[in-house]
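Biologist: Could we go through this protein together? I would like to begin with its charges and then look at the fold.

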Amino acid sequence: MTAQIIDGFAVAASLRKDIATRAAEMKAAHGVVPGLAVILVGEDPASQVYVRNKLLATAECGVKSLEYKLPVTTSEAEVLELVASLNANPEVHGILVQLPLPKQINADKVLGLIDPDKDVDGFHPMNAGRLSVGLPGFVPCTPRGSQILIDAVLPDLAGKHAVVIGRSNIVGKPMAQLLLQKNATVTIAHSKTADLPALCRTADVLVAAVGRPQMVKGSWVKPGAVVIDVGINRIEVDGKGKLVGDVDFASAAEVAGHITPVPRGVGPMTIACLMLNTLDSATRAIKAG
Ligand code: NDP
């Protein structure tokens with residue numbers, strides 16, 4: 001293997017420590033504790049794991065968590081009412097609605113009701129717009145975390161070509177916006193892109209956010225490139241479940257300069273950035289008086 005591993009697990013741990021220090025300073029200076037409300041509707045097993053991990057991080061970071069576990073039969077009106085009450089609660093600086101929601105609830109309607117100034121997931125169209133025009137707002141946690149990892153190994157992106165595979169609103173598009181802000185020349189690829197391997201071979205920074213296990217092969221990677229693997233896919237190997245990314249790690253690590261592993265790469269950064277967004281929100285609330 002030639003690539004250096006980007007240890008997202010360690011970077012995220014250090015970020016959480018820094019957030020805890022800043023949250024303690026905030027409490028001492030202003031009497032304010034950053035507050036994160038998490039709404040989980042139903043009993044989707046993956047969602048329960050994500051919410052548990054997020055709540056563990058709040059405790060470590062000195063963020064107060066307010067947990068709302070609602071039955072799968074909850075109506076849209078009830079969720080909207082809860083969001084409205086959290087919007088009005090000054091102790092809540094961040095509101096997170098765990099997706100997916102049961103089918104009787106329109107996710108766009110619920111996410112659209114969250115006060116954009118408490119939208120720590122960064123999914124509200126207002127925050128997507130703010131990112132696009134370069135105004136301060138909330139950046140979705142996975143791209144924000146990925147950008148921190150890229151900054152750590154390649155701080156100057158001027159003159160560099162970044163290819164982002166995937167154009168989702170929560171990963172691909174905001175990732176491309178962040179890379180553009182950092183002066184990279186950015187290409188967004190998707191399922192209709194022609195000759196993806198050839199395009200990827202031109203990338204100094206390659207971000208894979210596709211949801212296809214081990215799709216990006218070493219032969220797609222430019223020698224020395226920074227490879228960020230956002231994908232989280234569960235596959236079966238010898239009858240056992242295993243988590244893999246969208247990048248074929250073994251072959252890509254032979255060619256890349258730096259590469260994130262799965263697990264312990266982008267995943268822990270996503271949760272740490274949720275805490276960072278919540279802290280940022282509390283800081284803004286204090287400034288706004
Ligand atoms: P989406 O399904 O919303 O988007 C996937 C994107 O990949 C689409 O734009 C799609 O193109 C594109 N795509 C699909 N197949 C191909 C292909 N064969 N060639 C090129 N492009 C393709 O996924 P998300 O953005 O939500 O998530 C992507 C991955 O990241 C998933 O594995 C997910 O689990 C993971 N993830 C990880 C997080 C973390 O914390 N590490 C957080 C969020 C997601 P098109 O638009 O044309 O359909």
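Modeller: The model is a predicted one. The protein chain carries 28 positive and 27 negative side chains, and the centres of these two sets lie 2 Å apart.

Biologist: How many helices and strands does the protein chain have?

Modeller: The protein chain has ten helices and eleven strands.

Biologist: What is the radius of gyration, and what would a compact globule have?

Modeller: The protein chain has a radius of gyration of 19 Å. A compact globule with 289 residues would have a value near 19 Å, so the two agree. Along its principal axes, the C-alpha trace spans about 50 × 40 × 35 Å.

Biologist: What percentage of the residues count as buried?

Modeller: Of the 289 residues, 47% count as buried. The protein chain exposes about 13500 Å², and carbon and sulfur atoms supply 56% of that area. As for contacts between residues at least 6 apart in sequence, 70% of them join residues at least 24 apart.

Biologist: Let us turn to cysteines. How many disulfides are there?

Modeller: The count comes to zero disulfides, where a pair of cysteine sulfur atoms would have to lie within 2.5 Å.

Biologist: Are Cys61 and Cys141 buried or exposed?

Modeller: Cys61 has 0% relative accessibility and Cys141 has a relative accessible area of 5%. Both count as buried because the cut-off is under 20%.

Biologist: Changing topic, where are the cis peptide bonds?

Modeller: One joins Leu99 and Pro100, with omega about 0°. Pro100 is in the loop between strand E4 (94–97) and helix H4 (107–113). Another runs from Val262 to Pro263, with omega near 0°, and Pro263 is in the loop between strand E11 (258–259) and helix H10 (266–288). Most peptide bonds are trans.

Biologist: What about phi in Asp195 and Asp238?

Modeller: Most residues other than glycine have a negative phi. Asp195, however, has a positive phi of about 45°, and Asp238 has a positive phi near 50°.

Biologist: Where is Asp195 found, and where is Asp238?

Modeller: Asp195 is in the loop between strand E6 (185–189) and helix H8 (196–200), and Asp195 is exposed at 52% relative accessible area. Asp238 is in the loop between strands E9 (233–237) and E10 (240–244), and Asp238 counts as exposed at 76% relative accessibility.

Conventions
Residues numbered from 1 in each chain as written. Predicted model: local features only at pLDDT ≥ 70, side-chain atom pairs only at ≥ 80, totals over all residues. Heavy atoms only, no water. Helix = DSSP H or I, 4+ residues; strand = E, 2+ residues; numbered from the N terminus. Rg over C-alpha atoms; globule rule 2.2 N^0.38 Å. Buried < 20%, exposed > 50% of the residue type's maximum accessible area, 1.4 Å probe, protein only. Contact = heavy atoms within 4.5 Å. Areas by Shrake-Rupley, 256 points an atom, 1.4 Å probe, with all protein chains shown as cover. Lys, Arg positive; Asp, Glu negative; His and termini not counted. Charge placed at Lys NZ, Arg CZ, Asp CG, Glu CD.
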